[in-house]
Amino acid sequence: MNELFEQLDFVENPLYERIISDLLESGYSIADAFFSEQEVAILRASLLTKYEEDNFKKAAIGNRTNEMIAKSIRGDFILWMDESKMDATEAVFFNKVNDLVRYLNKTCFLGILQKEFHYALYPKGTFYKRHLDTFQNDDRRKLSFVFYLNDETWKPENGGELVLYLQENTHEVPKIVYPMPGRVVIFESQELEHEVKPVLESQRLSITGWLKTR
Ligand code: OGA
Ligand code: MN
């Protein structure tokens, strides 16, 4: 009976379906309408308030057992989000992410059981050199999720573009993604090398995270 209910409960979501088919076909997906303009605005304000309160830390390379700060590799400042202590604004974010995770688990058997997200701020002049989002001693990260919180005045000339190094047959095809406000980029953490080009103007704001298996 419960199973029957779960099936009846399922409503096909065209946006999620497109994300899934993009991921299967190309290993990445770009969704510009994942969050509304108003949601972007309140989450941007939340990031900036926390940054001004000085809660952000210089981001490190690698995980806890392999930690070092290397400005030559990445220059962003981050603040990890804690879903168990989220406020109403962060609940808007986590509700949407959790809805996507439920959908992925139901339709793709991905087995996403954990997630981790942080706010990120790249000051002018900073970047994140080409890398893969998985650690040598931890391969639980399956999907990377980046959500840009820049404001409407953000221009491509500001730099800070994400470059995804796609593999097509034997050659590499770089795909440039501008960090436009409200844009969400999802990609396969274990497959896709990528980099953040230097920020030339202003500061680059985002929430970045990973959907993980246990
Ligand atoms: C990362 C990362 C990409 C981006 O934080 O690991 O690659 O566009 N971010 O911010
Ligand atoms: Mn990355």
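This is a predicted model: local features need pLDDT of at least 70, side-chain atom pairs count only at pLDDT 80 or more; totals for chains, interfaces and linings use all residues.
1. Donors here are N, O and S atoms within 2.8 Å of the metal, and since water is not among the atoms, a site may look incomplete.

2. Who holds the metal? The manganese ion (ligand 2) is coordinated by His 131 (NE2), Asp 133 (OD) and His 194 (NE2), with distances of 2.1 to 2.2 Å. The two histidines tie together distant parts of the chain: His 131 belongs to strand β5 (residues 128–131) and His 194 to strand β10 (residues 193–196), 63 residues apart.

3. His 131 counts as buried because its relative accessibility is 12%, and His 194 does so because its value is 4%.

4. Now ligand 1. Its surroundings include the metal-site residues His 131, Asp 133 and His 194, along with Tyr 128, Val 146, Tyr 148, Leu 162, Val 196, Arg 204, Thr 208 and Trp 210. By class, the shell splits into 6 nonpolar, 3 polar and 2 charged residues.

5. One lies 2.6 Å from a side-chain N or O atom of Tyr 148; the corresponding distances are 2.9 Å for His 194 and 3.2 Å for Asp 133. Taken alone, ligand 1 exposes 290 Å², and the protein buries 98% of that.

6. As for where the shell comes from, β5, β6 (141–148), β10 and β11 (204–212) each supply at least two residues. β11 gives the most, with 3 residues.

Definitions and conventions: Residues are numbered from 1 along each chain as its sequence is written. Chains are lettered from A and ligands numbered from 1 in the order in which they are written. Side-chain values use heavy atoms; hydrogens and water are left out. Donors are N, O and S atoms within 2.8 Å of the metal (3.2 Å for Na, K and Ca); water is not among the atoms, so sites may look incomplete. Helices (H or I, at least four residues) and strands (E, at least two) are DSSP runs, numbered from the N terminus. Buried means under 20% relative accessible area, exposed over 50%, partly exposed in between (1.4 Å probe, protein chains only). A residue is near a molecule or strand if one of its heavy atoms lies within 4 Å of it. A polar contact is a pair of N or O atoms within 3.5 Å; within protein, one must be able to donate a hydrogen and the other to accept it, and residues adjacent in sequence count only if both atoms are side-chain atoms. Accessible areas come from the Shrake-Rupley method with a 1.4 Å probe; for residues, only the protein chains shown count as cover. Ala, Val, Leu, Ile, Met, Phe, Trp, Tyr, Cys and Pro count as nonpolar, Asp, Glu, Lys and Arg as charged, and the others, Gly among them, as polar.
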